[in-house]
Amino acid sequence: AAREHAVAAHEAPLSALALSFDGSRLGTCSEKGTLVRIFCTQTGQTLQELRRGISQAGVFSLAFNVDAECICSVSSAGTLHVWSLAAPAPDPLAEVDQKYRVIVPPKDNKMAATIGRTMEVQHDNKSGNSECPPNSTSVLSFMKDLLPNYFSSEWSFAQFRGASGPAICAFGSRPRTIVVAGEDLNFYQCVYPEDGGECELEETHFFGHRRSMDYHQ
């Protein structure tokens, strides 16, 4: 019989959901938009609590990278955030007899993720070759048992400021690249530093036709 888990994700209604490519993690965010929570899909257990900010903002999009090593979000605050994820969650498909499943290729293999048979060798997230630096934490995090949860929060290791309006985000095909596509038809591609920090804008495009009035003062 199929197993069911009730996940008490947030007190406020959900605004964004994302499932990792291997199905091991679920990312959620509420309409309050201050926290992103990561859950194990096999047990319903909370794996991580990631802080976007302290002020309310609408989170438009959540996205995992292929290896489920990072997750990114973009919100009405105009900022893209990138967090590092903890050790791999239990494989939700380990005990399931399947003929086909998603195969994530090794990092030195430039092929996109494909559908393959379960006999294929699965990518091991424990290899230590993560492209994501550690998340930022408060200097008082060692006192997390005595202080409010805010001081034990994990903050994003990289940010990009400049996305405007409703948008979706995703990790690019090249290492450390992230793309943002906005409802205003603007597209951004940025790259985050190896040690984290402010992302560098690499490309921007406008995929629309500007009206003639836009060119007259």
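Biologist: Which residues make the nonpolar surface patch of about 290 Å²?
Modeller: This is a predicted model. Patch residues must have over 30% relative accessible area. The nonpolar patch of about 290 Å² is made by L185, F206 and F207.

Biologist: Is L185 buried, partly exposed or exposed, and where is L185 found?
Modeller: L185 is found in the loop between β14 (177-182) and β15 (186-191). Its relative accessible area is 41%. Buried means under 20% and exposed means over 50%, so L185 is partly exposed.

Biologist: Where does R52 lie, and how far away is the nearest side chain of opposite charge?
Modeller: R52 lies in the loop between β4 (46-51) and β5 (59-64). R52 is buried yet has no salt bridge. A salt bridge needs a side-chain nitrogen of Lys or Arg within 4 Å of a carboxyl oxygen. For R52, the nearest side chain of opposite charge is E198, at 13 Å.

Biologist: Which backbone oxygen does the side chain of R52 reach?
Modeller: Leaving aside neighbours within four places in sequence, R52 is in contact with residues including H81, W83 and W155. G33, T34 and V59 are also among them. At 2.4 Å, the side chain of R52 reaches the backbone oxygen of S55.

Biologist: How many helices and strands has the chain, and what percentage of its residues count as buried?
Modeller: The chain has 0 helices and 17 strands. Its accessible surface comes to about 13,000 Å², with 53% belonging to carbon and sulfur atoms. Of its 217 residues, the share that counts as buried is 40%.

Conventions. Residues are numbered from 1 along each chain as its sequence is written. This is a predicted model: local features need pLDDT of at least 70, side-chain atom pairs count only at pLDDT 80 or more; totals for chains, interfaces and linings use all residues. Side-chain values use heavy atoms; hydrogens and water are left out. Patches are made of residues with over 30% relative accessible area and no salt bridge: like charges are joined within 9 Å, nonpolar side chains (Val, Leu, Ile, Met, Phe, Trp, Tyr) within 5 Å. Accessible areas come from the Shrake-Rupley method with a 1.4 Å probe; for residues, only the protein chains shown count as cover. Helices (H or I, at least four residues) and strands (E, at least two) are DSSP runs, numbered from the N terminus. Buried means under 20% relative accessible area, exposed over 50%, partly exposed in between (1.4 Å probe, protein chains only). Lys and Arg count as positive and Asp and Glu as negative; His and the chain ends are not counted. A polar contact is a pair of N or O atoms within 3.5 Å; within protein, one must be able to donate a hydrogen and the other to accept it, and residues adjacent in sequence count only if both atoms are side-chain atoms. Contact means heavy atoms within 4.5 Å.
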